[in-house]
Amino acid sequence: MRYSTYFIPTHREIPADAEVVSHQLMLRAGLIRKLTSGIYTYLPAGLRSIKKVEQIIRDEMNRAGAIEVLMPAVQPAELWQESGRWDFYGRELLRFRDRHNRDACFGPTHEEVITDLVRDEIQSYKQLPLNFYQIQTKFRDEIRPRFGIMRGREFIMKDAYSFDVDEKGAEKSYDLMYEAYNRIFERCGLRFKAVEADTGPIGGNYSHEFMVLAESGEDLIASCLQCSYAANLEKAEIRPPEDNASSNEEKPVEMEEVHTPDIKTIDDLAAFLSVSPRKLLKTLIYRVDDDEIVAALVRGDHELNEAKFRNLLGAETLEMADPETVHRTTGAPTGFAGPVGLKVRMVADQAVKEMTNLIAGANREDFHVRNVNLGRDFQIEQFGDIRTITPDDHCPKCGAPIEFKRGIEVGHIFKLGTKYSKAMNAEFLDEQGRKKYMVMGCYGIGVGRTVAAAIEQNHDDEGIIFPIQIAPFEVTILPLQMHERSVTDTAEEMYYFLQDNGIDVLLDDRKERAGVKFMDADLLGTPLRVTVGTRGVKNGEVEIKMRAEKPPHPVSIQDAPEFIMKQVRLLYDSTE
């Protein structure tokens with residue numbers, strides 16, 4: 001590819017509205033351009049990276065036995081109503097009506113569509129297992145799109161769906177996808193970790209996220225320092241208190257009410273009463289599935305984990321109660337709820353079992369109660385792990401210390417079970433002729449998000465440092481004096497040789513200053529740069545520089561083509 005006839009509109013200035021490095025560099029390097037909020041055009045160089053990620057995905061999905069299809073982006077409301085997600089999915093689902101007044105949506109995911117297809121085509125266990133995948137544009141109407149293509153509204157996604165005759169088969173399909181995803185992200189040259197995760201609105205009973213490790217990542221990962229356990233904060237389990245807590249010999253004492261004016265936070269209350277937040281009990285009022293009011297109880301120094309709480313309740317929706325509901329339920333404004341005398345269902349974190357003479361809201365404005373004790377003063381219907389893990393906790397599997405890392409989610413795989421096949425009546429006949437529901441799994445990768453995550457993980461002050469597998473170009477050739485025939489002839493000869501030998505090469509044949517060419521090459525992140533200059537040609541040399549290394553290497557013109565090809569192979573080997 002010749003730079004002079006290509007389109008790579010680079011910029012020197014950092015865009016004012018670009019918050020994260022990948023967004024800044026993708027705009028500056030001419031990879032993307034914004035159309036409107038959360039929607040981007042992929043420019044030629046950016047599209048090259050996207051296509052390379054897609055090809056790696058196709059290679060590994062095909063290797064794992066998945067079959068590529070392409071499903072419609074527009075989906076009829078009837079399918080979503082059949083699965084029960086039309087109302088549940090929320091405002092991220094872009095709904096509209098066509099000219100015939102029929103409700104539809106622009107698909108954020110395709111569980112309903114693929115289930116509809118399979119239920120019409122598959123009748124016998126002999127036709128299973130099957131795994132279909134596609135690479136297609138999706139749309140989710142994010143309330144606050146940000147970080148460029150990292151969290152856009154329109155995005156490219158690989159989604160796959162497996163269908164099996166039983167749980168054992170579904171487990172095998174899941175494991176195949178788990179292994180395929182590891183290979184995909186390894187081939188993309190990424191440092192990543194697979195972590196246990198919550199299933200969220202997709203549903204199902206088990207899932208893993210694939211997280212690219214980067215300091216700029218939105219998500220925190222709890223990772224064991226000794227064993228392989230890792231999970232995101234929504235999913236990370238808490239080791240039961242009896243496994244690591246010392247015995248509590250404090251004796252219960254008489255309960256007393258305390259006047260606590262102008263208290264706004266847990267820290268304010270702890271300071272006012274001169275106690276540790278560990279002695280406080282937070283009582284949080286929630287509306288569950290729109291009609292039930294439930295109180296969640298957690299220790300003052302802990303945070304409620306809404307994903308765990310929702311899963312424990314088996315709820316579809318969960319939202320914090322509004323001030324009017326809180327007042328109607330407790331008799332007090334928000335911030336003064338407590339378990340004593342509360343007439344709603346109460347669910348407590350397992351750490352609450354260990355609390356003695358705790359301090360809680362008095363269900364009365366500006367008052368709290370000291371020396372509240374479980375069993376004597378209030379009863380709990382259900383205990384569970386409903387809080388977020390902290391650095392003070394230990395690994396739930398082996399008991400070793402944990403550490404927190406930041407990550408960017410690029411892939412997510414789910415065991416769906418029969419959630420969609422039951423709702424949509426996707427059945428098959430088993431060996432005995434009995435009707436059974438297909439057991440499903442689904443598996444997603446954010447294609448553009450993978451490119452952005454790679455940039456977040458691989459960059460410096462000069463620009464992108466692309467892993468070679470997904471770089472727009474593998475090699476850039478920079479002839480510095482375009483008016484010198486010896487320079488241009490050397491560059492052209494090397495360009496054609498590399499092209500003929502399958503190297504993805506960009507020849508910067510612009511009549512620009514050397515500094516501009518160097519800056520653009522570094523900004524674009526091409527893994528290997530070849531500089532051809534008058535002085536070097538006179539000495540029979542070119543300079544070859546790896547993007548991730550500082551000093552260039554002088555190499556003879558005669559040896560340069562083979563040297564370049566060897567370096568390219570070494571870069572690929574390092575990401576395999």
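The model is predicted, and local features need pLDDT of at least 70, while side-chain atom pairs count only at pLDDT 80 or more and totals for chains, interfaces and linings use all residues. Residues are numbered from 1 along each chain as its sequence is written, and side-chain values use heavy atoms, with hydrogens and water left out.

**Overall picture**

The protein has 16 helices and 31 strands, where helices (H or I, at least four residues) and strands (E, at least two) are DSSP runs numbered from the N terminus. Its C-alpha trace spans about 95 × 65 × 50 Å along the principal axes. Of the 576 residues, 54% are buried, a word that stands for under 20% relative accessible area, with exposed meaning over 50% and partly exposed lying in between (1.4 Å probe, protein chains only). Among contacts between residues at least 6 apart in sequence, 70% join residues at least 24 apart; contact here means heavy atoms within 4.5 Å.

**Two helix pairs**

The table gives the packing of two pairs of helices; axes are lines fitted to C-alpha atoms, for helices over the stretch in contact, and angles run from 0 to 180 degrees between N-to-C directions.

| Helix pair | Angle | Axis distance |
|---|---|---|
| α2 (residues 44-63) and α6 (residues 167-187) | about 155° | 9 Å |
| α1 (residues 21-28) and α12 (residues 447-457) | about 105° | 8 Å |

Angles under 35 degrees count as roughly parallel, over 145 as roughly antiparallel, 65 to 115 as roughly perpendicular and the rest as oblique. Helices α2 and α6 are therefore roughly antiparallel to each other. Their contact involves Ile56, Ile57, Asp59, Glu60, Met61 and Arg63 of α2, together with Met177, Ala180, Arg183, Ile184 and Arg187 of α6. Sorted by class, this contact has 6 nonpolar, no polar and 5 charged residues, where Ala, Val, Leu, Ile, Met, Phe, Trp, Tyr, Cys and Pro count as nonpolar, Asp, Glu, Lys and Arg as charged, and the others, Gly among them, as polar.

Helices α1 and α12, by their angle, are therefore roughly perpendicular to each other. On the α1 side the contact is made by Val21, Ser22, His23, Leu25 and Met26, and on the α12 side by Val451, Ala452, Ile455 and Glu456. The contact of α1 with α12 has 6 nonpolar, 2 polar and 1 charged residues.

**A sheet of three strands**

An open sheet is formed by 3 strands in the order β4-β6-β5, with antiparallel pairing; two strands pair if DSSP finds at least two bridges between them. Strands β4 (74-76) and β5 (94-97) are the edge strands, each pairing on one side only. Neighbouring strands of this sheet are turned by 35° against each other on average, direction ignored. Strand β4 is joined by 3 bridges to β6 (residues 103-106), and Pro76 has Ala104 in β6 as its bridge partner.

Most residues other than glycine have a negative phi, and most peptide bonds are trans. Leu128 and Pro129, however, are joined by a cis peptide bond with omega of about 10°, and Pro129 lies in the loop between α5 (111-121) and β7 (130-139).

Asp289 is not a glycine, yet has a positive phi of about 50°; this residue is in the loop between β14 (281-288) and β15 (292-299) and is partly exposed, with a relative accessible area of 31%. Asn363, also not a glycine, has a positive phi of about 55°. Asn363 belongs to the loop between β18 (358-361) and β19 (367-372) and is buried, with a relative accessible area of 14%.
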